[in-house]
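Colleague: I have the sequence and the model open side by side. Please walk me through the fold, one question at a time.

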Amino acid sequence: MTDADISHIFRPGRIGTVDLASRTVVAPMTRVSADPGGIPNALMRDYYRNYAEGGFGLIISEGTYPDRAYAQGYRHQPGMTDDAQQNGWQAIVETVHHAGAKIFQQFMHAGALSQHNDYVNEVAGPSTVQPMGQMATNYFGSGPYKTPRALSLSEIGAITEGFASAATRSVAAGFDGIEIHGANGYLLHQFFSTTANQRDDSYGGPADNRARLHVEILTAIKDAVGPDIPVGMRLSQMAVNDFTDQWAGGARDAKMLFSALGCAGVDFLHINSVPATAPVFGGTKTLVGHARDYFDGPIIACGALQDPETAENFIVRGGADFIALARGALADPAWPKKVEARGMPIPFDPGMTQPVATIENSRAWSVAHS
Ligand SMILES: Cc1cc2nc3c(=O)[nH]c(=O)nc-3n(C[C@H](O)[C@H](O)[C@H](O)COP(=O)(O)O)c2cc1C
């Protein structure tokens, strides 16, 4: 374990009105472990409690579907569309708060990457473009993705309304903030992509059109939840079905997107780039560095930051205010407490999320390897 100064990781921080005990964040992780009907259960409650007890300041929930049309991506994914789902989440929020952490809800619309939907048989996205790659087997998928139907303008409006009403439920359930999933290849990323988005209306073509839905959803959620609930956006270049995906306009697109979200009042940005420390667009700056140029508010950085010295450096010199861990947190929910005590967290092993990425499966792996 390191002797270096890692004190910045453990300094208190603030996102909007929300005070956080440290700069450590659990990144959103789909765990495909909800009960039928997308209802969060006791297993999920224990899972989220472990992170709070392990010392993380903020937990961002797994990607949750906000509507019963085309948003759901995975079998056993939790939703936020009815009272039963809301009550399930409320129990999780209360448990996390009781254990001393804060929790934001991530809302995810899978769009063309939907592998399973309890409510409809069709897949819908910006345009009729079949996503490249294969469905994720560890989220119960197999084979190629379906070709989506292109969303109509009224359906796009309904998606925005769905995000806003789901966010209203989050606030009622006690969540401290909202994160919109604009990353990793899902619906908003598809709209921003010049491949997945072939539209010739106000949502297609130039970059500001391709970012229109980002701004509309952000604005609708902010209007619905009011000024005291921070609303942020997660962004990435990589997609789950194409790890090499890049924004077509490079640094120009980054400037447009980060500035547009800043102007629309986004309360934080969450940048996912693996690794977060790698330069992008053929230059010397990281994606977080580009975000820092155009956005003054809190930035959460994610992507292979589980080494404490790397995390510390990225806060002190990399432009990040918070560091989020996915695999590092999954492997050891007590990462903050162990690192602060100069201990060694358990490292991630791919077996923890195979053959399926369920909570039950990770537990079985831990028992077999303890
Ligand atoms: C099991 C698993 C599930 C994930 N689910 C989500 C998700 O629901 N939403 C999201 O934005 N990213 C999701 N991700 C991506 C992570 O949040 C993170 O961006 C990525 O793993 C890189 O961070 P890391 O190097 O700390 O693992 C998931 C990652 C893993 C390993």
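Modeller: Happy to! Two strands count as paired if DSSP finds at least two bridges between them. Helices (H or I, at least four residues) and strands (E, at least two) are themselves DSSP runs, numbered from the N terminus. This is a predicted model, so local features need pLDDT of at least 70 and side-chain atom pairs count only at pLDDT 80 or more, while totals for chains, interfaces and linings use all residues. Residues are numbered from 1 along each chain as its sequence is written.

Colleague: Which strands run through the closed barrel, and in what order?

Modeller: Strands of a sheet pair through backbone hydrogen bonds, either parallel or antiparallel. Here the pairing is parallel, and eight strands close the barrel. From one strand to the next, the twist averages 25°. The order is S3-S4-S5-S8-S9-S10-S11-S12.

Colleague: Let's zoom in on S5. How many bridges join strand S5 to S8?

Modeller: On one side, strand S4 (residues 58-60) pairs with S5 in the parallel sense over three bridges, and Leu-58 has Lys-102 in S5 as its bridge partner. S5 itself covers residues 102-107 and runs parallel to S8. Between them, Gln-105 stands opposite Ile-178 in S8. The number of bridges joining S5 to S8 is four.

Colleague: And going on from S8, which residue in S9 is the bridge partner of Glu-179?

Modeller: S8 and strand S9 (residues 231-236) run parallel and are joined by four bridges. Within S9, the partner of Glu-179 is Gly-232.

Colleague: Is strand S8 mostly covered or uncovered, and how many of its residues are buried?

Modeller: A residue is buried if 20 or more other C-beta atoms lie within 10 Å of its own, exposed if 12 or fewer, and partly exposed in between, with C-beta atoms placed from the backbone. In a regular strand the side chains alternate between the two faces of the sheet. In S8 both faces are covered, with Gly-177, Glu-179 and His-181 buried on one side and Ile-178 and Ile-180 buried on the other. S8 (residues 177-181) is therefore mostly covered by the burial cut-off, and its buried residues number five of five.

Colleague: Now the S12 end. Which residue in S12 is the bridge partner of Thr-24?

Modeller: Strand S12 (residues 322-325) is covered on both faces: Phe-322 and Ala-324 are buried on one side, Ile-323 and Leu-325 on the other. Strand S11 (residues 299-302) pairs with S12 in the parallel sense over three bridges, and Cys-302 stands opposite Ala-324. Strand S3 (residues 24-26) also runs parallel to S12, joined by three bridges. The partner of Thr-24 is Ile-323.

Colleague: On to the helices. At roughly what angle do the axes of H1 and H2 cross?

Modeller: Axes are lines fitted to C-alpha atoms, for helices over the stretch in contact, and angles run from 0 to 180 degrees between N-to-C directions. The axes of H1 (residues 42-53) and H2 come within 9 Å and cross at roughly 25°. Angles under 35 degrees count as roughly parallel, over 145 as roughly antiparallel, 65 to 115 as roughly perpendicular and the rest as oblique. H1 is therefore roughly parallel to H2, at a crossing angle of roughly 25°.

Colleague: Are H2 and H3 parallel or oblique to each other?

Modeller: The axes of H2 (residues 83-98) and H3 (residues 153-173) come within 9 Å and cross at roughly 45°. That makes the two helices oblique.

Colleague: Is the crossing of H7 and H8 left-handed or right-handed?

Modeller: The axes of H7 (residues 250-263) and H8 (residues 287-294) come within 9 Å and cross at roughly 50°, so these helices are oblique to each other. A crossing is left-handed if the near helix is turned anticlockwise from the far one by less than a right angle, and right-handed if clockwise. The crossing of H7 and H8 is right-handed.

Colleague: Is Glu-161 buried or partly exposed?

Modeller: Glu-161 sits in helix H3. Because it has 14 C-beta neighbours inside 10 Å, Glu-161 counts as partly exposed.

Colleague: Last one: how many residues surround the ligand?

Modeller: A residue is near a molecule if its C-beta atom, placed from the backbone, lies within 6 Å of it. The closest are Ala-27, Pro-28, Gly-63, Ala-326 and Arg-327. The shell divides into eleven nonpolar, nine polar and three charged residues, where Ala, Val, Leu, Ile, Met, Phe, Trp, Tyr, Cys and Pro count as nonpolar, Asp, Glu, Lys and Arg as charged, and the others, Gly among them, as polar. The number of residues surrounding the ligand is 23.
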